[in-house]
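Morning, everyone. I have one structure for you today, and I'll keep it brisk. Have a look at it first.

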Amino acid sequence: MNKIALLTLAALPLAACNTNTAIGNDREAQLDPPATAAPMESTASALANLSPGLMLPETMSDADLAALGAENTCQFRLTEVAFPSFVYDNSGRGAIKINGKLIPVTASASGEYANGELRIRTRLLDDEGDAGLQMQELIVAGPRMKDEFGFWGYTTCGNSEA
């Protein structure tokens, strides 16, 4: 019995270690204010002082999606349960989040989007995930990048989310 009490006392300090502030981390609502949308900027200002090796897509919050009006658009997700990293619609508009900033892009061809020196290309893959979502490839090429970055993820369009 003393061993159980001793282990319990030893584990109590670890209970306060949950300081993960990433989007989607479950925390009590009264502790954090509602999320605000990331600022929307052009490619030049959003990526001006960022190393080319760090021009990676980030997850968007619900506030970001609301600010973009992208709740019912197609959304590229890195995993089937992740928040989206790139959103696009049939009218040729899209947005990606890099460096904590939302960067709007417009379609330049089918599956290709651009804003200044930032180029994004998407391609549906002939595979699906465990939850049945269509797999998609996302290629990102930005200013000063020697190589493009490629990501495989999943796409959902409209209200087809579970």
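I'll go through the fold, then the cores, then the salt bridges.

A caution to begin with: this is a predicted model.

The overall layout, then. The protein chain has three helices and eight strands.

What do the strands build? They form a closed barrel of eight, running E1-E2-E3-E4-E5-E6-E7-E8, and the pairing is antiparallel. On average, neighbouring strands are turned by 35 degrees against each other, direction ignored.

Let me zoom in on one pairing. Strand E4, residues 101–109, meets strand E5, residues 112–115, in the antiparallel sense. Three bridges hold that pairing in the assignment. In one of the bridges, Ala107 has Tyr113 of E5 as its partner.

Some totals for the chain. There are 162 residues, and 38% of them are buried.

On to the cores. The largest nonpolar core has 19 residues. Which of them touch the most other members? Phe86, Ile96, Ile98, Leu118 and Ile120 do. Strands E1, E2, E3, E4, E6 and E7 each give two or more residues to this core. There is another core apart from it, of eight residues, including Met60, Leu65, Ala70 and Ala95.

Back to Ile120 for a moment. Leaving out residues up to four places away in sequence, Ile120 touches Phe86, Ile96, Val105, Gly111, Glu112, Tyr113, Leu138 and Ile139.

Last topic: salt bridges. How many are there? The count comes to four.

Start with Lys97 and Asp64, whose side chains meet at 2.9 Å, N to O. Lys97 sits in strand E3 and Asp64 in helix H3, 33 residues apart, so this pair links distant parts of the chain. Buried or exposed? Lys97 is buried, at 8% relative accessible area. Asp64 is buried too, at 0%.

Next, Asp89 and Arg93 form a salt bridge at 3.4 Å, N to O. Asp89 counts as buried, with 16% relative accessibility.

Then there is Glu148 with Arg121, where the closest N and O atoms are 3.7 Å apart. Glu148 lies in the loop between E7 and E8, and Arg121 in strand E6, 27 residues apart. Both ends are partly exposed: Glu148 at 43%, Arg121 at 36%.

That's the tour. Over to you.

Note on methods
Residues are numbered from 1 along each chain as its sequence is written. This is a predicted model: local features need pLDDT of at least 70, side-chain atom pairs count only at pLDDT 80 or more; totals for chains, interfaces and linings use all residues. Side-chain values use heavy atoms; hydrogens and water are left out. Two strands pair if DSSP finds at least two bridges between them. Helices (H or I, at least four residues) and strands (E, at least two) are DSSP runs, numbered from the N terminus. Axes are lines fitted to C-alpha atoms, for helices over the stretch in contact, and angles run from 0 to 180 degrees between N-to-C directions. A nonpolar core is a set of buried Ala, Val, Leu, Ile, Met, Phe, Trp, Tyr and Cys residues joined through side-chain atoms within 4.5 Å. Buried means under 20% relative accessible area, exposed over 50%, partly exposed in between (1.4 Å probe, protein chains only). Contact means heavy atoms within 4.5 Å.
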